[in-house]
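Dear colleague,

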Amino acid sequence: MTRPLSVDALVVGGGATGAGLLRDLARRGLHALLVEKGDLGSGTSGRYHGLLHSGGRYVVEDAAAARECIAENRVLRRIAPACIEDTGGYFVATPDDPDDYLERFPGACEAAGVPCDDVPAARLRAREPALNPAIRRAFRVPDASLEPWQLIEANIIDARSRGADAWPYHRVVAMNRSGGRILGVDVVDVRSGSVTTVLPRIVVSAAGAWAGRVAALAGVRLAMTPGKGTMLIFNQRMTDTVINRCHKPDDGDIMVPVHSVAILGTTEQNVEDPDVYGIGRDEVALLMVEGAKLFPDLPRMRLLRAYAGVRPLYKEERPKEADDGRAISRAHVVIDHARDGVDNLVSIVGGKLTTYRLMAEQTADVVCTKLGVTAPSTTAGDVLPNQGDGRTYWLGHRLAEHEATGGGDANLICECEMLTRPAVEQFLDERWPCSLDDVRRGTRLGMGPCQGGFCTFRAAGLVAERGAAAASGAGAGEAPAAQAVADGWARSDRALVDFLAERFRGTRPIAWGRQLQELWVTSGLYSGVLGIGSLVDRAGEGAAEGASTPADAASMPAGAAAPARRKGGNDAPG
Ligand SMILES: Cc1cc2nc3c(=O)[nH]c(=O)nc-3n(C[C@H](O)[C@H](O)[C@H](O)COP(=O)(O)OP(=O)(O)OC[C@H]3O[C@@H](n4cnc5c(N)ncnc54)[C@H](O)[C@@H]3O)c2cc1C
């Protein structure tokens, strides 16, 4: 047990909303601490579709949400350009889409302030030749793709520069309440097991789909309805722009180009528990059928993996007139739990990643009012750290950087993502201690077409070296003790097996055709050449749970893959 720590605000949850909230509170002069039970961005923010909404998907059904999206789309382009690829987007009418929706769409865009140009379908097809030739109408909107982990990190860096702190791998496990106030919050370091009691003036829950559980620790009922969405990742960008069906949003009707891949989504299914869900073959089949209405060659393209995230949907149980929480829009709600008899607990629920900053600002407004702080939010005006020269991201940037420093293969750890050894080393310098999965989120290691097949063992070696050096206390260039080396390699074995198990879990539901061939290659590499079987034995429990080794996944007959079900869901985008 460490010494109690006093803070003004304790933020629970290190997704986009929590990170944005930490930044906002720190910039208003509050001493704030964020705790996240996993890595930063390992919840829904790291498992979403990757779309920076223009608002087009909501204009017809929910104009208020559309207005928020386009306003925040503009703000994020200004403050976080390096996190955005300005792909542009289209709403297209296939022969299956209803005429009445199509007729209403441009007017609804105008009413919601979403820029929308009617583009000749032939011109769009010339730009995106893989599109269905039967597409009869197309509208251009300012959709884009948005990188979540870089965005979260930039918010955290800004907050830290103003005295705030963020603790990944720290879970809130208990709240000590006296009457209407939370006095102390127990936070456990999940890696070491040590517990810190935080003494906050206020607790702010940005725990997304887990917000109900966090509120329950304070004895408050908050009914969340977690909504699982499944997405499919293809090994190529069959489109360089976001393509949406022009109809009421539904399953499998949007393709988003994200870095070197394209992601088709989503489905929508309520789940009881945000930590336990599977991906069924029926969902994969549904997505493929619907996706082929946009891109007829889809069934012949190679699928890389399936993954899922859980929407933090909030089910309002109280009659509207009894709701003294602040209903901001249909999209997200800030709840002051004074309404439930706890004066210093606030939750932010619902929403989208596109509107994370606005959600954070509105939540911080409530927090500041309660704490008597009058400083206004400044998060919309000031550019986030690490945004380079202010230009948006472009796909070729890593290749250009690599070539500028001499190019060649020698330093490449991950060829698909053009990730070099110095880049991995720099990440380890900044983020140690971390797992291979943390390296993946921070650098995109293993997220390209080979899905970690050819880069994982190289990166595992770097992580193991770092682990051995850290365990022995050896400085740079010094030789670590033999036992420390052995410990480091044992940890590395486990990290490697866990990482591979996670990667291959996401390929199970889509193991057929050319991807099955790729799995056989990777399986041969890890099971044959590298003898992963012996690591599985040595790495023990973690490996046993992750029985979906490359060999498992590849040895399943095409189309016979079992639904992937695990605690924690399937995986993150890319
Ligand atoms: C399938 C799908 C597709 C989507 N696509 C889009 C899209 O294209 N564009 C868009 O704008 N939005 C999209 N969204 C919505 C968007 O992803 C979410 O609204 C957003 O990521 C939620 O962020 P958050 O920070 O509120 O929650 P999260 O990112 O889930 O963060 C909450 C965090 O709280 C942590 N936590 C929980 N309990 C505890 C505890 N006891 N102690 C410490 N930490 C705890 C969790 O580990 C988690 O990391 C999509 C959502 C889904 C599910």
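**Notes on the structure**

Asp-251 is located in the loop between β14 (242–245) and β15 (254–258). Please keep in mind from the start that this is a predicted model. If neighbours within four places in sequence are set aside, the residues in contact with Asp-251 are Thr-266, Thr-267, Glu-268, Leu-286 and Glu-290. Gly-229 and Asp-251 are 22 residues apart along the chain, and their C-alpha atoms are separated by 9.1 Å.

Thr-266 belongs to the loop between β16 (261–265) and β17 (269–270). Another cis peptide bond is found between Trp-432 and Pro-433, where omega is about 5°, and Pro-433 sits in the loop between α10 (421–431) and α11 (436–443). As background for reading such details, most peptide bonds are trans, and most residues other than glycine have a negative phi. Asn-386, which is not a glycine, has a positive phi of about 60°, and its place is in the loop between α8 and α9 (397–404).

On the α1 side the contact involves Ala-16, Ala-19, Gly-20, Leu-22, Arg-23, Ala-26 and Arg-27, which meet Ile-152, Asn-155, Ile-156, Asp-158 and Ala-159 in α5. Sorted by class, the residues of this contact are 7 nonpolar, 2 polar and 3 charged.

How does α1 lie against helix α8 (residues 356–371), and at what angle do the axes cross? The axes come within 8 Å and cross at roughly 50°, so α1 and α8 are oblique to each other, and the crossing is right-handed. From α1, the residues Ala-16, Thr-17, Gly-20, Leu-21, Asp-24 and Leu-25 meet Tyr-356, Met-359, Ala-360, Glu-361, Thr-363, Ala-364 and Val-367 in α8. This contact has 8 nonpolar, 3 polar and 2 charged residues.

The helices on either side of the loop that holds Pro-433, α10 and α11, pack at an angle of about 115°, with their axes 11 Å apart. They are therefore roughly perpendicular to each other, and α10 passes α11 in a right-handed crossing. Val-424, Phe-427 and Leu-428 of α10 make the contact with Asp-438, Val-439, Gly-442 and Thr-443 of α11, and by class these are 4 nonpolar, 2 polar and 1 charged residues.

Finally, there is the ligand, which is surrounded by 35 residues, the closest being Thr-17, Glu-36, Ser-45, Leu-51 and Thr-354. Thr-17 is also among the α1 residues that meet α8. For Val-172, a polar backbone atom is 3.0 Å from a nitrogen atom of the ligand.

With kind regards

Technical notes. Residues numbered from 1 in each chain as written. Predicted model: local features only at pLDDT ≥ 70, side-chain atom pairs only at ≥ 80, totals over all residues. Heavy atoms only, no water. Contact = heavy atoms within 4.5 Å. Helix = DSSP H or I, 4+ residues; strand = E, 2+ residues; numbered from the N terminus. Nonpolar A, V, L, I, M, F, W, Y, C, P; charged D, E, K, R; others polar. Near = heavy atom within 4 Å. Polar contact = N/O pair within 3.5 Å; in protein donor to acceptor, adjacent residues only side chain to side chain. Axes fitted to C-alpha atoms, helices over the stretch in contact; angles between N-to-C directions. Parallel < 35°, antiparallel > 145°, perpendicular 65-115°, else oblique. Left-handed = near helix turned anticlockwise from the far one by under 90°.
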